[in-house]
Amino acid sequence: MPERIVLILPCCIGDVVLATATLQALRRAYPDAYIAWAVGSWSKAAIEHHNLLDAVIDTGAAALPVKSVGGMLHFVAQLRAGRFDLAVSLVRSPLMSLAVLLTGIPLRAGIDSAGRGFGYNARARISPYAARHEAEIYLDVARTVITGTTGCFANVPVFESDRNSVRAKLHACGITDRYLVVNPAGGRNPGMVMDVKRYPPDGIAALANRIAPDLDAVVVVIGGGGDAALVTAVKDRLEVESAQFAGILSFGEIAALARDAVFYLGNDTGLTHLAAAAGAKTAMILGPTDPQRYAPFVPDALTLWKPTAIARGGVAAGAPANWDWARDGISVADAERQLRAWLAAG
């Protein structure tokens with residue numbers, strides 16, 4: 001039975017949050033083991049205080065820390081220093097496969113997609129073209145070394161200190177009662193820029209304008225530090241009471257804000273996955289990405305999506321050349337109908 005485990009997934013926030021289901025499975029199987037997560041600087045804030053983890057290993061700013069010779073050597077040294085006896089790699093790259101092989105860790109579980117998992121001795125063989133949920137693929141890796149992954153979902157803890165901090169910020173804006181959260185951002189991380197994943201600001205504002213009055217809720221618009229203009233563009237289109245927080249909330253505060261909201265509405269982005277994993281009632285708008293692969297990995301979340309032709313290989317295939325939300329995406333009217341039905345049932 002392994003005593004020291006390293007879970008490897010450096011990037012990016014959404015993928016890292018989805019992989020918390022694998023963390024949960026490993027912790028259930030090995031309750032007394034030391035478990036560390038090798039995660040990038042961009043994404044580590046999403047899980048560094050996770051109650052199922054013992055430590056994080058910061059792999060740096062790069063989406064794939066083993067792309068250069070220096071990065072490869074540094075990463076291998078980091079893992080060797082941890083004296084791990086089980087590595088669980090959720091990265092498809094052959095470079096990562098080589099790096100894990102070079103660590104000398106005895107049991108190496110990982111994804112084998114099109115032969116890229118040669119460095120692992122416990123391999124989860126997958127097809128890059130099969131439309132399966134990313135979290136299930138990650139769990140396939142865990143299943144090569146453990147049994148009993150049933151009931152494992154994306155999960156992040158919500159701390160009372162963060163809830164208190166959020167309440168103070170809301171109170172300073174005059175919000176003391178019901179609110180819903182809207183996040184119009186997403187599509188950007190160290191490994192990808194795909195702004196086309198963002199639902200148009202006028203569309204997401206229209207949804208909030210139609211839903212919020214019936215819920216007697218204030219609209220709280222959030223985004224990251226680089227999303228101030230986008231957040232303002234949505235807030236300026238709101239006809240209901242609202243507030244905005246761009247770049248001033250920690251990941252823990254965002255989880256707490258979402259958890260205590262009437263519901264959270266966002267695009268296919270890491271913070272939407274974070275909200276769902278925190279236990280928020282979450283609705284995700286998808287356009288050029290497939291809900292079969294990227295929907296929130298929780299028992300009860302809503303995906304708002306108009307079935308359309310999309311790339312077979314998922315986001316790895318890049319942004320579609322001619323995506324048009326008005327033509328290809330879900331309409332405001334259809335999204336509103338689905339939202340109302342979901343909220344009424346909930």
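**Entry 1: the sheet**

I started at T282, which stands opposite A301 in strand β14. T282 belongs to the pairing of β13 (residues 282-285) with β14, parallel and held over four bridges. I count strands as paired if DSSP finds at least two bridges between them. Strands (E, at least two residues) and helices (H or I, at least four) are DSSP runs, numbered from the N terminus.

The model is predicted: local features need pLDDT of at least 70, side-chain atom pairs count only at pLDDT 80 or more, and totals for chains, interfaces and linings use all residues. Numbering runs from 1 along each chain as its sequence is written, and side-chain values use heavy atoms, with hydrogens and water left out.

I then traced the whole sheet. It is open, with six strands in the order β11-β10-β7-β12-β13-β14 and parallel pairing. Which strands stand at the edges? I found β11 (242-246) and β14 (301-304) there; each has a single partner strand, so one side of each lacks a neighbour in the sheet. From one strand to the next the twist averages 20°.

Next I looked at what packs on the sheet. Helix α7 (residues 201-215) does, touching β7 (179-183), β10 (218-223), β12 (264-267) and β13. The direction of α7 makes about 170° with that of β7. Axes here are lines fitted to C-alpha atoms, for helices over the stretch in contact; angles run from 0 to 180 degrees between N-to-C directions. Contact means heavy atoms within 4.5 Å.

**Entry 2: salt bridges**

Side chains of opposite charge can pair when their charged atoms come close. My rule asks for a side-chain nitrogen of Lys or Arg within 4 Å of a carboxyl oxygen of Asp or Glu. The count comes to 21 salt bridges.

I went to D140. D140 is bridged by R132, with the closest N and O atoms 2.6 Å apart. R143 also bridges D140, with its closest N and O atoms 2.6 Å apart. R143 and D140 are three residues apart in helix α5 (residues 134-143), which means about one helical turn separates them. R132, E136, D140 and R143 are linked in a network.

Is D140 buried or exposed? D140 is buried, at 18% relative accessible area. R132 is partly exposed at 31%, and R143 is partly exposed at 35%. The classes are buried under 20%, exposed over 50% and partly exposed in between (1.4 Å probe, protein chains only).

I also checked K169 and E253, whose side chains meet at 3.0 Å, N to O. This pair links distant parts of the chain: K169 sits in helix α6 (residues 160-172) and E253 in helix α9 (residues 251-259), 84 residues apart. K169 is partly exposed at 25%, while E253 is buried at 8%.

L26 lies in helix α2 (residues 20-29). Its relative accessible area is 0%, so I logged L26 as buried. What is L26 in contact with, leaving aside neighbours within four places in sequence? I found I5, L7, I35, V88 and I146. N183 is 157 residues from L26 in sequence and 31 Å away in space, C-alpha to C-alpha.

Last, I looked at the surface. L98, L101, L102 and F118 form a nonpolar patch with about 310 Å² of accessible area together. Areas come from the Shrake-Rupley method with a 1.4 Å probe; for residues, only the protein chains shown count as cover. Patch residues have over 30% relative accessible area and no salt bridge; nonpolar side chains (Val, Leu, Ile, Met, Phe, Trp, Tyr) are joined within 5 Å, like charges within 9 Å. L98 lies in helix α4 (residues 94-103) and is partly exposed at 31%.
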